[in-house]
Amino acid sequence: ENKNKEFFTVALYTCYDLIRPDVVLELSWRFQLFEYSIPYFVQILKELTHRVETVQKKHEDREKKEEKQAQQQMNQPLDIGEMVMMMPGLNQMQMLMPPPGSMPGVLPGMNTMPGGMPGGMPGYGQPGGGIYQPMGGNNGMNYNTYQGPY
C-alpha cells in the first residue's frame, strides 16, 4: 500500500520456501502485483516441472525393470529339482503323482474295479458279483420283481 512494490519481489525471493503459491497468487491479485510475482511463479513452475520429470523417469525405469524380470521368469525353464528343494519332505514320485482321491470321476470313499480302475456301481468287482443281497438273506423273496400297487 505504500507503493514500494519491489519489496514484494524481494520478500518472495527471501521467503521462497515459506510462502505457498496460492497465497502469492491471491496477494498479487488483490494488490495488482502480478508483474512483481512473475519471477516467483517462474521458479515454482521450474521446480514442479523438474519434480514431475524425476518421478516420471523413476516410474518408467521401475516399469522396465519389472517387465525385464517378468520376461526372464517366463523364459526360464521349469526345473523339477528346484521344486523338490523348495518343498522339503517330498520325493520326486510324490510330486508327479496326483493326491489320493483327485482322479477324475473318483470321489473319496468310492469303490474301484479290479486293476485300480474307478468303479461306478458299488459291489461290482467285489465278492458277490454285484448282486443285491439284503442283510440277513432274502428269505426266499425276490426283491427285484415289481408286483404292482400294494
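**Reading Charged Pairs and a Surface Patch**

Biologist: Aspartate 61 has a relative accessibility of 38%. Does that value count as buried, partly exposed or exposed?

Modeller: Buried means under 20% and exposed means over 50%, with partly exposed in between. Aspartate 61, at 38%, therefore counts as partly exposed in this structure, which is a predicted model.

Biologist: With which side chain does aspartate 61 form a salt bridge?

Modeller: Side chains of opposite charge can pair when their charged atoms come close. Here, aspartate 61 meets lysine 57, with 3.5 Å from N to O. The two residues are separated by about one helical turn, because they lie 4 residues apart in helix 3. Lysine 57 counts as exposed, at 51% relative accessibility.

Biologist: How many salt bridges are there?

Modeller: The count comes to 4 salt bridges. One of them joins arginine 51 to glutamate 47, with the closest N and O atoms 2.9 Å apart. This pair also lies 4 residues apart in helix 3 (residues 34–75), and so is separated by about one helical turn. Glutamate 47 is partly exposed, with a relative accessible area of 27%.

Biologist: Which residue forms a salt bridge with arginine 20?

Modeller: Aspartate 22 is the partner of arginine 20, and their closest N and O atoms are 2.7 Å apart. Arginine 20 is exposed at 53%, whereas aspartate 22 is partly exposed at 39%.

Biologist: Which residues make a nonpolar surface patch?

Modeller: Val23, Leu27 and Phe31 make such a patch, of about 210 Å². Leucine 27 lies in helix 2 (residues 21–30) and counts as partly exposed, because its relative accessibility is 31%.

Methods:
Residues are numbered from 1 along each chain as its sequence is written. This is a predicted model: local features need pLDDT of at least 70, side-chain atom pairs count only at pLDDT 80 or more; totals for chains, interfaces and linings use all residues. Side-chain values use heavy atoms; hydrogens and water are left out. Patches are made of residues with over 30% relative accessible area and no salt bridge: like charges are joined within 9 Å, nonpolar side chains (Val, Leu, Ile, Met, Phe, Trp, Tyr) within 5 Å. Accessible areas come from the Shrake-Rupley method with a 1.4 Å probe; for residues, only the protein chains shown count as cover. Buried means under 20% relative accessible area, exposed over 50%, partly exposed in between (1.4 Å probe, protein chains only).
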